[in-house]
Amino acid sequence: MVTTLIKHEFLRTRTWLAIMFGAVTLLTLVGLVMTYMPWPLIRGLGFLLTLVAVGAFLFLVQLGMTFDYWRSSYTRTGYFTQSLPIQGSTIYGAKLLWGAVVTVAALVWTGVLAVPVMFAASNAFDLGISFALILDTLGVVLGSAPAWMWVVMAVVFIALYVSGLAQYYFAASIGSEARLNSLGIGGPIIVWFVLYMVMQLLLFLGMIAVPLGLTGTADGSSLVITSMNFLELMASDQDPQGMPLGFIPMTFAVTALLIWRTVVSWNKKVSLA
């Protein structure tokens, strides 16, 4: 049943997703070509075009998936979805799973397009970046930590973006319940705004509760996980020498709670416009 639901998710979203993937690719290539022009202003605009296109791509894809989730679940189109003889949590699970697949695909494609962006920067500002230099730099970076750490970081990185999509879906569902349903798309927007503010506070508390950070060694040759007291750094007006890690478990814990609440919404609190 889940496979069938995902198939229909794919059929419904494939056209506009293909357009978005094609558009970002075309804009990136056009921007790259512009950076080969003899005029500095055109070269700069070309780099800016590639940077904005690739930088906004994942956000726009997730925003599109969220809008499709809301439209296909709670507007007039949602009448068909909600009338299916399937438990609401199953439908939601299929939508979230398909959204996760699309998010991973968008992340991978963003990584692929990052290479043309680097060449665009090199051409626009005469940085002398070559493909060999990119490979050498990548080798140095990958050698700064053991393979298992990179695998864990990659999984966590992807999971963080998928958790972001789950937060968007939560806002769309809770914002469409009876209390806010009359506001249309305004309901999800209000819920997302409140959730965003609460998440910032919770992530801050997470960094305090888990005083760990990822930083480089003194010679910069490797990455290590070390103690990082965020409160002390703030009190002494110092910048963290690395990336705090406490926000990661907090993000996953809150996301799990939001997914549970969204399941409750699907099973018991559906209200259609």
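Here is a short chat about the predicted model shown above.

Q: What sort of model is this, and how are its residues numbered?
A: The model is predicted, so local features need pLDDT of at least 70 and side-chain atom pairs count only at pLDDT 80 or more, while totals for chains, interfaces and linings use all residues. Residues are numbered from 1 along each chain as its sequence is written, and side-chain values use heavy atoms, with hydrogens and water left out.

Q: Thanks! How many helices and strands are there in the protein?
A: The protein has nine helices and three strands. Both are DSSP runs numbered from the N terminus: helices are H or I with at least four residues, strands are E with at least two. Reading from the N terminus, the order is α-α-α-α-α-α-α-β-β-α-β-α.

Q: And what box do the C-alpha atoms fill?
A: Roughly 60 × 50 × 35 Å, taken along the principal axes. Of the 273 residues, 40% are buried. Buried means under 20% relative accessible area, exposed means over 50%, and partly exposed is in between, using a 1.4 Å probe and protein chains only.

Q: Let's look at α6 and α7. At what angle do they pack?
A: Helix α6 (residues 147-174) and helix α7 (residues 186-209) pack at about 135°, and their axes are 7 Å apart. That makes α6 oblique to α7. Axes are lines fitted to C-alpha atoms, for helices over the stretch in contact, and angles run from 0 to 180 degrees between N-to-C directions. Under 35 degrees counts as roughly parallel, over 145 as roughly antiparallel, 65 to 115 as roughly perpendicular, and the rest as oblique.

Q: Which residues meet there?
A: On the α6 side they are Q167, Y168, F170, A171, A172 and I174, and these meet P188, V191, W192, L195 and M199 in α7. Contact here means heavy atoms within 4.5 Å. The residues of this contact divide into ten nonpolar, one polar and no charged. For those classes, Ala, Val, Leu, Ile, Met, Phe, Trp, Tyr, Cys and Pro count as nonpolar, Asp, Glu, Lys and Arg as charged, and the others, Gly among them, as polar.

Q: What about A178, buried or exposed?
A: A178 counts as exposed, at 61% relative accessibility. A178 sits in the loop between α6 and α7. Its C-alpha is 7.6 Å from that of V270, though the two are 92 residues apart in sequence.

Q: New topic: how many salt bridges does the structure hold?
A: Six. A salt bridge is a side-chain nitrogen of Lys or Arg within 4 Å of a carboxyl oxygen of Asp or Glu.

Q: Which one does E177 form with R261?
A: In that salt bridge the closest N and O atoms are 3.1 Å apart. The pair links distant parts of the chain, with E177 in the loop between α6 and α7 and R261 in helix α9 (residues 247-268), 84 residues apart. Both E177 and R261 are buried. E177 also forms a salt bridge with R179, at 3.2 Å between the closest N and O atoms, and R179 counts as exposed at 65% relative accessibility.

Q: Where do D68 and R12 lie?
A: The side chains of D68 and R12 meet in a salt bridge of 2.6 Å, N to O. D68 lies in helix α2 (residues 40-74) and R12 in helix α1 (residues 2-34), so the pair ties together parts that are 56 residues apart in sequence. D68 is buried at 4% relative accessible area, while R12 counts as partly exposed at 27%.
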